[in-house]
Amino acid sequence: MKTAHNIHKSKKLIKVSLEYDEHSNTINSITITGDFFLYPEEGLDKLEASLIGTKLGKDTIKQKIEKSLNDSEAFGFDSESMTDAILGCFKGEKD
Amino acid sequence: MSFKFSKIRTLETGYNSGPWNMALDEVLMNSVNYYSMPILRIYGWQPPAVSIGYFQSMDEEVDTKRCRQMGIDVVRRITGGGAVLHESELTYSFITNVYPKNIMESYNLICDIVIMCVNKLGFNAKFAPLNDIIVDGKKVSGNAQTRKKDTLLHHGTILLNVNVEKMFSVLKVPSEKVKDKMINDVKGRVMGLNKPFEQLAYNLKESFTEKFGAEIIVDSLTIEEEENTKKLAKEKYTSDQWNRKK
């Protein structure tokens, strides 16, 4: 089990802390913080929960984010920038 | 769609602690349903307080030890956005269950009233979506909203004076090396209006009256609202369970 962190500047700041399994290349836990807005606010808990067990790949993560935020409205980030924020934890180590 | 109210219940609740202020905003979201009118609340902060956005982490954003030493409260909001040092400002809340369902439109509607208020002082304020109001390119007001059970809470600040050095002494920065640059950057982007609280409070009430064609009904908190606020401040807004949720 390894941990990784990233601070990503989109329209607002996104901070990501995650724990991942380097063998299965999947997310074990993730915390996303920042000065963005999301309506309803509970959408972030739903997003974090949906990412657990997800493979650390751009397409899989972006799809999960899009699906999870389907009923929410975000200001300060979108699925693309949130994906970049998460994968930025690895700074080029993962695709 | 045009929004008109015949009356606005107006509460000027004075200067209070961070937890009490945030608790009252939440309590008023419940009590607005007992009145057939929205609520405008105008208030300040004593002692000064740092509030963080709903999605922020207290430990990541705020030097809480330094806040304690300086007598500054810390509290997490129920609204998103960034960390704010509340000291020399006028803070307002508008609580209503009649509002535009489109989020951008609801920010626009209420920020427009704040712009009217600021421009009565001779400034040329403009809306900078989603949540800021600027004068000459500098932020003079920040705003945030939440919606719970069909009720909208919009709260925001009008900056009277800004002490950027003090703000950065209690907010965490990535490294000391970038601190001076960040201070200069914020000084270039934020400004206080340097006007009296009372004058802005008067202008704000007048602007709400003009915007909505509403009569201002000056009111005070009910005993139940006061008691619920004290309870919520103690049990929620001073608790680590809430303030350190992230």
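At what angle do helix α4 and helix α7 of chain B pack? Before selecting them, note that this is a predicted model, where local features need pLDDT of at least 70, side-chain atom pairs count only at pLDDT 80 or more, and totals for chains, interfaces and linings use all residues. Residues are numbered from 1 along each chain as its sequence is written, and chains are lettered from A in the order in which they are written.

**Stop one: α4 and α7**

Select residues 103-119 and 197-212 of chain B: these helices pack at about 130°, with axes 8 Å apart. Helices here are DSSP runs (H or I, at least four residues; strands are E, at least two), numbered from the N terminus. Axes are lines fitted to C-alpha atoms over the stretch in contact, and angles run from 0 to 180 degrees between N-to-C directions. The pair is therefore oblique, meaning not under 35 degrees (roughly parallel), over 145 (roughly antiparallel) or 65 to 115 (roughly perpendicular).

**Stop two: α1 and α8**

Now pick residues 18-31 and 223-237 of chain B, which pack at about 125° with their axes 8 Å apart. These two are therefore oblique as well. Among the residues that meet, show B:W20 and B:L24 in α1(B), and B:L232 and B:Y237 in α8(B); contact means C-beta atoms, placed from the backbone, within 7 Å.

**Stop three: where the chains touch**

Finally, show both chains: the contact takes 13 residues from chain A and 14 residues from chain B. On chain A, look at β3 (26-34), β4 (37-39) and β5 (73-75), each supplying at least two residues of the side that touches chain B.

Definitions and conventions
Two residues are in contact if their C-beta atoms, placed from the backbone, lie within 7 Å.
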